Amino acid sequence: MGGARDVGWVAAGLVLGAGACYYIYKLARGRRRGARGLRLRPSRSAEDLTNGSYDDVLNVDQLQKLLYLLESTDDPVIIERALVTLGNNAAFSANQVIIRELGGIPIIGSKINNPNHSIKEKALNALNNLSVNVENQVKIKVYVNQVCKDVLSGPLDSAVQLAGLRLLTNMTVTNDHQHMLTDYVTDLFHVLLTGDGSTKVDSSFVSLYDGHVAKEILLRVLTLSQNINNCLEKGSLAVQPTFPKGSLFFLLYGEECAQKMRALAKHHDADVKEKVTVIPRF
């Protein structure tokens, strides 16, 4: 199979298979941020900063202290807490930039090689939040091969595996880094098809295409559809393959999803309508 077609399978399998995890994460984060007010912490010691909650937003000085602590300590408890605090703060776009500019991405990225699975998971979660920023992806891509290996070698449906899949999802939303997964696509498919409900996607995936879904999520899932369609076209498939009922591809190419896409072509938001129109098969 040629490289272009491999990229197509990556887009259609990995991104869709893990997409539901990303969707749940986005909704959960939105509810968390909308339910309570946010506050900026006063200056505190570096170790104090590891006892934060989701509602705390650190400033530049505090983030710098936390990164220094993460880089300098060998205490696994402090490392894990620091990663959780950094990951929570990386959920906000301003801090995604600040952490990158402070040199935080390689500091966090180095922890994915930690033998402690809980630390590895927390590092992957932090990188996942940071990877929402496109400029951050340029620095995070150096970890993609290692993440793929960890996803494939770790226990099925484990927290580390799911955290890795979430990161790979964000890193393959666009065409920029999909080629890095070509050598892993067959094994990644096996993970997606054999995992339990937390790993694989069921028929509820098509609910992402409902018109009442938040615009941010709609635009992302439509971008995925566009990307998958482009990759399959680059694979020079003369005839579209038949996807068995219940497969990942059947969800995207089935009639139910097609109907939802046609309905989105009449969506009230111009950006959503435009995104649908550039997907030729609908």
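Throughout this tour, buried means under 20% relative accessible area, exposed means over 50%, and partly exposed covers what lies in between, with a 1.4 Å probe and protein chains only. The model is predicted, so that local features need pLDDT of at least 70 and side-chain atom pairs count only at pLDDT 80 or more, while totals for chains, interfaces and linings use all residues. Residues are numbered from 1 along each chain as its sequence is written, and side-chain values use heavy atoms, with hydrogens and water left out.

Begin by selecting G103, which sits in the loop between α4 and α5 (helices are DSSP runs of H or I with at least four residues, strands are runs of E with at least two, and both are numbered from the N terminus). G103 counts as partly exposed because its relative accessibility is 27%.

Next, select L70, which touches I79, A82, L83, L86, I107, I108 and K111, leaving aside residues up to four places away in sequence; contact here means heavy atoms within 4.5 Å. L70 is also among the residues with the most contacts inside the largest nonpolar core, which has 42 residues; such a core is a set of buried Ala, Val, Leu, Ile, Met, Phe, Trp, Tyr and Cys residues joined through side-chain atoms within 4.5 Å. Elements giving two or more residues to this core include α2 (60–72), α3 (76–89) and α9 (159–171).

Finally, select α9, where 12 of the 13 residues are buried, so this helix is largely enclosed by the rest of the structure. Among its buried residues are V160, R166 and M171.
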